Amino acid sequence: MDEREANRCIQADGYGDDIGGRLFVARAFVRHSYGAYDASMEDSQRAIEFALKINDWRTATLAYYEQIFCVAWTDLPRSQTLHRYAKDCAHKSGDELLEVWIELGFAHHAIYLEGVVTARCALETVRPKIMQLGVPMLIAEFWYVDASCAYFESDFTRALECARESRLSVDRLDHMHWSGMSNFIEQMARWHLGDHEASLAMLPTLIDTYERIGHNHVAFVLRWAFALHLLTVDIDAAEQQLLGVIAMLEQGRINFLLPWALCVHTMIAHAKGDLPETSRLIEKCRAAQQQVGTIHAGGMLEQRSASLARSLGGLNEAEQTIHRAIDMQHPNHYRAEVVAALEILVGILTTTRRMTDAARLVGATQAERDRLAFRLRIPPEHEIYAADLATVEQALGAEAFAQAFAEGAAMSLDEAVAYAQRSRGRRGRPAYGWGSLTPTEQDVVALIIEGFTNNEIAQRLLMSRETVKTHLSHIYTKLHLRTRAQLAALAATRAARQS
């Protein structure tokens, strides 16, 4: 039935509640396919009203499920409530296929809101029934949800395999939407596996194809994947793509990706040394995260906050914040994100002179990267981590570093997290950050903030201009800065946060 036929039937007089519910749910599905989500919501609500009058549980289930599709991109908590209604109606309908389909949809949404552990449990519950029923479209959707679970569990190789299974299944059915979404999961898995060249070559063509045929949601998420792959080769081009994605998220009907996109933009601003902008973006990300409430993005936000706190010299805050990230990510099996958080912790440990602890975690994270084939390293983050690693090795010496590294490499990820929690609070004298500056270096910084030149600082502090330049060099190294402007901006941001 097309929309004209649905309209003609609905406008005719004399249909009963049973026919009315089915007509409205049919038109809701048609309108959804054209992107008329508000109209689809209205039609599906009318269908629910008709269906509940006569206990037509099957029609009510379909109408609730249509509403889930309409709000899933913009209101995840509401979609979960609708899922509960749909599950209840499906159970009352006695239709096994419908029950399994709704349970599969619940597993998919649980990935974002309730965590991948809950999602995986729901998915494995319905796996035997789906394979027994043998419905091609249901099987294709199952592989897509399995791929999504595997991706968030950081099993990127399995995510690739499941995404391909899903794409092969839907290609036989000529279903472009699910084919595109499976392709999206495949491109995201490739990103973490460090396979960027092939994705960068194919994504522009895929995006153009989906935009031309009107599958704008698919084109949009593929554009997001393209921006992420660009990060590894051209950070400025990636930022331009990302700004376009963020603008579309803020004004469109797909906002559940916004916290992730803002986290990545925060990383870019931090890499460029723009700490006031980094701080602003973190607050913007926090507001988006409070609205959307996705666990995975919440952990990423804490990672970004910890990195900024370290740059601003707030080492206690940085350490507490990164442990909050680990506490969110580890129970949910977000293994790649736990690795990223532990690597940020390595930097904090290095700054506070806990070199043996840092070296053991270096060994543990590298071993987990090898187990996951997790090769993604975004250039700015990689540079900071490489500098921390060099500092640890130099401080310990080659032999002691190798021993500590080997001890860490022998740990499982669970053991590494437990070790990190035990090392919490053990401190030495900071080598980096504001706490590492000598009183003279602090005087130099204060005069720079007031706008004094090197010659004027030399006169004020009764030292040579060359000595001032040496102090500045040490300050830049300790604060991970390159220019006078960055130092002034960092000091202003730190003062604002303290006030």
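Reader: How many aromatic pairs does the count come to?

Author: Happy to start there, with the note that this is a predicted model. Rings of Phe, Tyr and Trp pair if their centres lie within 6.5 Å. By this rule, the aromatic pairs come to 13.

Reader: Which helices hold Y112 and W260?

Author: Good one to follow on the model! Both Y112 and W260 are buried. They link distant parts of the chain, 148 residues apart. Y112 sits in helix α6 (residues 96–113) and W260 in helix α14 (residues 258–271).

Reader: Where is F374, the partner of F156 in an aromatic pair?

Author: F156 and F374 form a tilted pair, 6.1 Å centre to centre with 45 degrees between the planes. F156 belongs to helix α9 (residues 156–173), 218 residues away from its partner. F374 lies in the loop between α19 (355–372) and α20 (379–396).

Reader: Are α15 and α16 roughly parallel or roughly antiparallel?

Author: The axes of helix α15 (residues 275–292) and helix α16 (residues 295–311) come within 10 Å and cross at roughly 155 degrees. Angles over 145 degrees count as roughly antiparallel. So α15 and α16 are roughly antiparallel.

Notes. Residues numbered from 1 in each chain as written. Predicted model: local features only at pLDDT ≥ 70, side-chain atom pairs only at ≥ 80, totals over all residues. Heavy atoms only, no water. Axes fitted to C-alpha atoms, helices over the stretch in contact; angles between N-to-C directions. Helix = DSSP H or I, 4+ residues; strand = E, 2+ residues; numbered from the N terminus. Parallel < 35°, antiparallel > 145°, perpendicular 65-115°, else oblique. Phe/Tyr/Trp six-rings, centres within 6.5 Å; stacked < 30°, edge-to-face > 60°. Buried < 20%, exposed > 50% of the residue type's maximum accessible area, 1.4 Å probe, protein only.
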